[in-house]
Amino acid sequence: MTFLTGIDIGGTSVKIGFISEEGNIIHKWNIPTNKHKGVETIIPNVWDSIQDNMLKQGLNKSDMTGMGVGAPGFIDVDSGMIYEAVNIGWKNYHLTQELSELSGLPVYLANDANIAALGENWKGAGNNARDVIAITLGTGVGAASYLMG
């Protein structure tokens, strides 16, 4: 069974899930965002947790086709660079490069509110509507629109 890993990095916790390519949740959990250990430890902690949970769920890394990451802040989707995420403490941080080097897998990064709007439209209340607006509330506040018109 092939699957994807979705990661939502927040200021307080990181939510992680394994999903089928059809968007069905296989397993989900969260871990604390351990900023006090240094912001450079967040992604290695995420990858360690993913490996532990693959083992617990009987999933193989060879079946994971890639990872999608939603993170706060100003992000260049093409390069995978987070220019600044104030609530995490990242500045000019190349998240996709680090996670891809750790995992050996392709990694896609976008702003967390934008990913929330996209996911909500695909599998949630948006119900594949032409236009969707989302507001996210967590450690910070985010907003996004998914407009097809």
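Trainee: What stands opposite methionine 81 in S7?

Mentor: Methionine 81 stands opposite histidine 94 in S7; helices (H or I, at least four residues) and strands (E, at least two) are DSSP runs, numbered from the N terminus. This is a predicted model, in which local features need pLDDT of at least 70 and side-chain atom pairs count only at pLDDT 80 or more, while totals for chains, interfaces and linings use all residues. Residues are numbered from 1 along each chain as its sequence is written, and side-chain values use heavy atoms, with hydrogens and water left out.

Trainee: And how many bridges join S6 and S7?

Mentor: Strand S6, residues 81-85, pairs with S7 in the antiparallel sense over four bridges (pairing takes at least two DSSP bridges).

Trainee: Which strands of that sheet does H2 touch?

Mentor: Helix H2, residues 95-103, packs on the sheet and touches S6 and S7 (contact means heavy atoms within 4.5 Å).

Trainee: Which H2 residues are buried?

Mentor: Leu95, Thr96, Leu99 and Ser103 are buried in H2 (under 20% relative accessible area, 1.4 Å probe, protein chains only). Seen down the axis of H2, these residues fall within an arc of 90 degrees, taken from the directions from axis to C-beta atoms, so they line one face of the helix.

Trainee: What do they pack against?

Mentor: Their partners include strand S1 (3-9), helix H1 (42-57) and strand S4 (64-71), as well as S6 and S7.

Trainee: Switching topic, what follows H2?

Mentor: Glycine 104 follows H2, and its phi is positive, near 75 degrees.

Trainee: Back to the sheet, what is the strand order?

Mentor: Three strands form an open antiparallel sheet in the order S5-S6-S7, with S5 (74-76) and S7 (90-94) as edge strands, each pairing on one side only.

Note on methods: Axes are lines fitted to C-alpha atoms, for helices over the stretch in contact, and angles run from 0 to 180 degrees between N-to-C directions. Buried means under 20% relative accessible area, exposed over 50%, partly exposed in between (1.4 Å probe, protein chains only).
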